[in-house]
Amino acid sequence: MTDDLHYRVLKQLEAHPDGTQRDLAKALGISLGSTNFCMRAIIDQGWVKVQNFRRSDNKRAYAYLLTPQGIEAKARITARFLQRKRAEYEALKVEIAQLAAEAASHGQTNDATSKT
């Protein structure tokens with residue numbers, strides 16, 4: 001499982017601990033089988049604890065709670081994710097400047113090419 005997927009799963013579970021795996025799959029845009037695989041992996045790593053709602057009418061209702069290890073892992077993954085996104089952003093700024101210069105050298109200037 002990639003850092004990006006780890007990040008997205010942990011972020012979603014933190015925001016919606018009572019969501020179903022089906023909800024998680026839909027939010028992440030991945031299959032239910034992939035979601036189940038991801039959930040098993042992060043549960044096995046000790047990042048998420050599964051709690052059954054004992055008083056629920058739906059006995060299959062679960063809460064997915066981040067453990068202290070899960071919170072630490074999310075923080076580490078978030079830092080790496082942020083570093084990667086900043087590098088992508090800087091590379092895009094350079095590419096946009098180059099494209100704008102190329103367009104300008106061919107006499108093509110407009111609002112889309114002058115905004116960086």
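Contact here means heavy atoms within 4.5 Å. With that in hand, welcome to the tour. The model is predicted, so local features need pLDDT of at least 70 and side-chain atom pairs count only at pLDDT 80 or more, while totals for chains, interfaces and linings use all residues. Residues are numbered from 1 along each chain as its sequence is written, and side-chain values use heavy atoms, with hydrogens and water left out.

**Stop 1: Val48**

Select Val48 and show its surroundings. Leaving aside neighbours within four places in sequence, Val48 is in contact with Leu10, Leu13, Ile42, Ile43, Tyr64, Leu65, Leu66 and Thr67.

**Stop 2: the core**

Now widen the selection. Val48 is among the residues with the most contacts inside the largest nonpolar core, together with Val9, Leu10, Leu13, Met39, Ile42 and Trp47. This core has 17 residues. A nonpolar core is a set of buried Ala, Val, Leu, Ile, Met, Phe, Trp, Tyr and Cys residues joined through side-chain atoms within 4.5 Å; buried means under 20% relative accessible area, exposed over 50%, and partly exposed in between (1.4 Å probe, protein chains only).

Colour by element next: α1 (3–15), α2 (21–28), α3 (32–44), β2 (62–66) and α4 (68–105) each give two or more residues to this core. The largest share, five residues, comes from α1. Helices (H or I, at least four residues) and strands (E, at least two) are DSSP runs, numbered from the N terminus.

**Stop 3: Thr67**

Go back to one partner of Val48, Thr67. You will find Thr67 in the loop between β2 and α4. Is Thr67 buried or exposed? Thr67 counts as buried because its relative accessibility is 13%. Not counting residues up to four places away in sequence, Thr67 touches Gly46, Trp47, Val48 and Lys49.

**Stop 4: α1 against α4**

α1 and α4 pack at an angle of about 130°, with their axes 9 Å apart (axes are lines fitted to C-alpha atoms, for helices over the stretch in contact, and angles run from 0 to 180 degrees between N-to-C directions). That makes α1 oblique to α4; angles under 35 degrees count as roughly parallel, over 145 as roughly antiparallel, 65 to 115 as roughly perpendicular and the rest as oblique. For side chains to display, pick Asp3, Asp4, His6, Tyr7, Leu10, Lys11 and Glu14 of α1 with Gly70, Lys74, Ile77, Thr78, Arg80, Phe81 and Arg84 of α4.
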